[in-house]
Amino acid sequence: MSSTPIAILSALAQEQHGLIDLLQSPAKCVHAGRDFWQGQLHGQPVVLALSKIGKVAAATTTTALIEKFDVGRIVFTGVAGGLGEGVQTGDVVVASDFMQHDLDASPLFARYEVPLYGQTRFANNPQLTALLFSAAGSALAALRAGNPYPRAKVHQGLVATGDRFVSGSSESAALRLALSGSGHDVLAIEMEGAAVAQVCHDYGVPFAAVRTISDRADDSAHVDFPAFVERVASRYARAIIEELLRLLSIK
Ligand code: ADE
């Protein structure tokens, strides 16, 4: 067992509730205006934190987790809008890599490229991502009986991040077209992952992320979102993280 803690990041408090309930020997520390919960889950030292919403907030939380709490790995669990064909509400996407769909420093740099990094996408840690994929599959199978989405699938692929909640069919269609036209076939969109991935890249900290699809980023996205987070996503997050920690403890 690794002695450095593993961080479990969520964007919203509702997504984190189920995880705090599971924490053994919980201790709360307030830092940079955020609550950090230290304790053990399945015998592993963990720190639970909220990224808050958007790229800047997520980068701050990630930096604090690494600099102050000395975490050795970071796992993000949250929700996303489905963009790829066949990625439906209730499905789960495990991110293989992240990019920023709203980053454009052209003509100085190629559209979507992160200036001075020479790259557009940041890859997640392959081993941790493979374990998370397996944990998501087992968790969905275990939850199937009471799940309003019994045919939910687990996907793995590219996720795009931007400082926008996309809630319009024409906007999401335009985004899909622009991204695929540049060779980026995106499965899902959200508002934090690429920032966490870039900070983890800078510090050399392994990162993996899982997102439950709460909406299709279409005209009804904002209607579906709050109820979904409360009723479905928090249950998924808890089951997936419990299974991941079980897998990590037997490795
Ligand atoms: N997170 C969940 N749904 C989203 C959407 N439609 N746009 C951006 N982030 C999201």
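Predicted model: local features only at pLDDT ≥ 70, side-chain atom pairs only at ≥ 80, totals over all residues.

User: Let's do charges. How many salt bridges does a search of the whole structure find?
Analyst: The search turns up 9 salt bridges. As background, side chains of opposite charge can pair when their charged atoms come close.

User: What does D97 form a salt bridge with?
Analyst: D97 pairs with R121, and their closest N and O atoms are 3.4 Å apart. The two come from distant parts of the chain, 24 residues apart. D97 sits in strand β6 (residues 92–100), while R121 is in the loop between β6 and β7 (122–123).

User: Is D97 buried or exposed?
Analyst: D97 is buried, because its relative accessible area is 12% and the cut-off for buried is under 20%. R121, at 30% relative accessibility, counts as partly exposed.

User: OK, and which salt bridge do the side chains of E243 and R246 make, I mean what's the N to O distance?
Analyst: That one is 2.9 Å, N to O.

User: Why are E243 and R246 separated by about one helical turn?
Analyst: Because they are 3 residues apart in helix α6 (residues 221–249). E243 is buried at 14% relative accessibility, whereas R246 is partly exposed at 36%.

User: What about R111 and D104?
Analyst: Their side chains meet in a salt bridge too, at 3.8 Å from N to O. R111 is partly exposed at 44% relative accessibility, and D104 is partly exposed as well, with a relative accessible area of 43%.

User: Which residues are linked in a network of salt bridges?
Analyst: K55, D102 and D163 are linked that way.

User: Switching topics. Which residues touch the most other members in the largest nonpolar core?
Analyst: Those are L65, I74, F207 and I240, in a core of 71 residues. Helix α6 gives the largest share of this core, with 12 residues. More generally, nonpolar side chains tend to be buried together in soluble globular proteins.

User: What is I74 in contact with, leaving aside its neighbours within four places in sequence?
Analyst: Quite a list: among them are A7, L9, L65, L128, V196 and F207. T62, C200 and P206 are also included.

User: What other core lies apart from that one?
Analyst: There is another core of 11 residues, including A160, L175, V186 and A217.

User: Now strands. Why is β4 largely enclosed by the rest of the structure?
Analyst: Because 6 of the 7 residues of strand β4 (residues 44–50) are buried.

User: Which way do β1 and β4 run, parallel or antiparallel?
Analyst: Parallel: 5 bridges join strand β1 (residues 6–10) to β4. L9 has A49 as its bridge partner in β4.

User: And β3 with β4, parallel or antiparallel?
Analyst: Antiparallel, over 6 bridges, with β3 covering residues 34–41. For a pair you can look up, W37 has L48 as its bridge partner in β4. The hairpin of β3 and β4 has 2 residues between the strands, and H42 there takes a positive phi near 50°.

User: How many residues of β9 are buried?
Analyst: In strand β9 (residues 186–190), 5 of its 5 residues are buried, so the strand is mostly covered; the cut-off for buried is under 20% relative accessible area.

User: Which strands does β9 pair with?
Analyst: One is β5 (residues 73–82), antiparallel over 2 bridges. Another is β8 (residues 154–161), parallel over 4 bridges.

Technical notes. Residues numbered from 1 in each chain as written. Heavy atoms only, no water. Salt bridge = Lys/Arg side-chain N within 4 Å of Asp/Glu carboxyl O. Buried < 20%, exposed > 50% of the residue type's maximum accessible area, 1.4 Å probe, protein only. Core = buried A, V, L, I, M, F, W, Y, C linked by side-chain atoms within 4.5 Å. Contact = heavy atoms within 4.5 Å. Pairing = 2+ DSSP bridges.
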